[in-house]
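Please walk me through this protein model.

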Amino acid sequence: MSVEKLLPEEKQGEALNAVSRNSNNSKKLYLESYGCAMNFSDSEIIASILDKEGFDTTQDFKVADLIFLNTCAIRDNAEQRVRNRLNDFKQLKRKNPSLIIGVLGCMAERLKSKLLEEEKLVDLVVGPDSYRDLPNLIETVEGGQKAVNVLLSREETYADISPVRLDSNGITAFVSITRGCDNMCAFCVVPFTRGRERSREPETIVNEARDLFERGYKEVTLLGQNVNSYLWTGGGLKKDNPSEDELKNATTFAQLLEKVALINPDLRIRYSTSHPKDMGDDVLEIMAKYENICNYVHLPVQSGSSRVLEMMNRGYTREWYMDRINAIKRFMPDAGISTDTISGFCGETEEDHQETMSLMEWSGFDFSYMFKYSERPKTLAERKFKDDVDEATKSRRLAEIIEVQKQLSHKSNIRDLGKEFKVLIEGVSKKSADFLYGRNSQNKVIVFPKKDLKKGDYATIKVTSCTSATLLGEAVQS
Ligand code: SAH
Ligand code: SF4
Ligand code: F3S
């Protein structure tokens, strides 16, 4: 349902190539990424570490010396896709035993050395905090052994590593600001695969964003599992109980946003993901104050039922969520708002499901990522509750949620007809070379005739027609 055409969701499993580099590295790395933007951003760190080891990226796994899958464990089907993909490489490995195959990221962290037993062709298992160790691990494998490093860290933020931008359009880039997650949402595997939450030093974030701007980039998306709880108190790990003195010198997420916004008014800022329980007015105030901080909030609700939210251990109620939506609209009446939902969580009744649908209607989300509950080993829900909503009911509820969102997206697009938006042009439309596409502040994709416009420009576009997924428009003289 998403109109976020170019977010990683669309690129799952594609090998992303490093662009605009002329290195003469002789060895080839084929790197496929799955999961969230954070994983895609990690792939850029992996590529950077391996670049120094003499590896160039390739999009053809047949010529690779090293095949890496940077994996996701969020739902069972995410892991299934990786296992299927590993199957594809079996023949290749048989023909070329010196080929090294590695599983990295969240599935590696979850399964640890078990993965080597389950998938015989895998040589290397590396968790999200161990990428600096990759050169040693590769050496171990070259010496004929298997290698595993799944240690999680309380400090690692890869702050000093300059990512190699993969498959970049040269205009938009991700910048990681926190790693890990300290929430324990009952359904979620992330705290187990990515460890404790830690914030990255603000200066390194601002420097990375400024460097991107100087290289022609026009938009950065600040990334974390829960960006609103970003807090730099002079050390890596977010302190549970910072002293008053530490807090005085601390940098909050709102302050970080402001620092990045001040780099240049032509550098747009987005961020993802927000957690409703930590979404404070201070952040909304800064967003409203700076034109270059996009008026778009992704605020995952998961469920509209306070009873289910409590079982999910989300730390807020339906009413709290509604209050946050009201606050967003108060500070930014034109804001784009999107969400995530889970259908069929343990004990979800028909009434709970109706509450999710009514909350969606009330909020009027512009788009949503909608999922069926998938039980994950070790999580609170797996230990405490029964996965008791049957598959057919989960599917039916999900289909109903998707239908509600489809209507909402269409209505939201119809509301935009005739409006003018400042759009950052990201590239040529996939459908026709005579058209360009870009996004407005609200994160909607708009397609329009090329004329004399080009990628990287800001243009004022008037919306002339729409489908439920895309806006079409025309450039106006501004
Ligand atoms: N840190 C982000 C979300 C990361 S996972 C946040 O808190 O918002 C992205 C989405 O996947 C979640 O918002 C949730 O909707 C979904 N998800 C997570 N675990 C899931 C599970 N076990 N089954 C189904 N969906 C899940
Ligand atoms: Fe998972 Fe909750 Fe953390 Fe998001 S906030 S990563 S859903 S535990
Ligand atoms: Fe998946 Fe890990 Fe991201 S489990 S959603 S890749 S943090």
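The shell around ligand 1 holds six nonpolar, four polar and five charged residues. Here Ala, Val, Leu, Ile, Met, Phe, Trp, Tyr, Cys and Pro count as nonpolar, Asp, Glu, Lys and Arg as charged, and the others, Gly among them, as polar. The model is predicted: local features need pLDDT of at least 70, side-chain atom pairs count only at pLDDT 80 or more, and totals for chains, interfaces and linings use all residues. Residues are numbered from 1 along each chain as its sequence is written, chains are lettered from A and ligands numbered from 1 in the order in which they are written, and side-chain values use heavy atoms, with hydrogens and water left out.

Stay with ligand 1. It is surrounded by 15 residues, and the closest are F187, Q225, Q302, D340 and S374. A residue belongs here if one of its heavy atoms lies within 4 Å. Strands β15 (336-343) and β16 (367-372) each supply at least two residues of this shell; strands are DSSP runs of E, at least two residues long, and helices are runs of H or I, at least four, numbered from the N terminus.

Now look at the atoms. A backbone N or O atom of Q225 lies 2.8 Å from a nitrogen atom of ligand 1. A backbone N or O atom of S374 also lies 2.8 Å from a nitrogen atom of ligand 1. The protein covers 90% of the 540 Å² of accessible area that ligand 1 has on its own; such areas come from the Shrake-Rupley method with a 1.4 Å probe.

Q225 turns up again. Ligand 2 has Q225 around it, along with residues including C181, C185 and C188. Ligand 3 has Q225 in its surroundings too, with C36, C72 and C106 among the others.

Next, the salt bridges. Side chains of opposite charge can pair when their charged atoms come close. The whole structure has 41 salt bridges, each a side-chain nitrogen of Lys or Arg within 4 Å of a carboxyl oxygen of Asp or Glu. In one of them, E208 meets R165 at 2.7 Å, N to O. E208 sits in helix α8 (residues 202-214) and R165 in the loop between β6 (147-149) and β7 (172-176), 43 residues apart. E208 is buried (under 20% relative accessible area; exposed is over 50%, partly exposed in between; 1.4 Å probe, protein chains only), at 10%. R165 is buried as well, at 7%.

Compare E291 and K422. Their closest N and O atoms are 3.6 Å apart. E291 lies in the loop between α11 (281-289) and β14 (296-298) and K422 in strand β17 (residues 420-428), so this pair ties together parts 131 residues apart in sequence. E291 is exposed, at 56%, and K422 is partly exposed, at 34%.

Note on methods: Polar contact = N/O pair within 3.5 Å; in protein donor to acceptor, adjacent residues only side chain to side chain.
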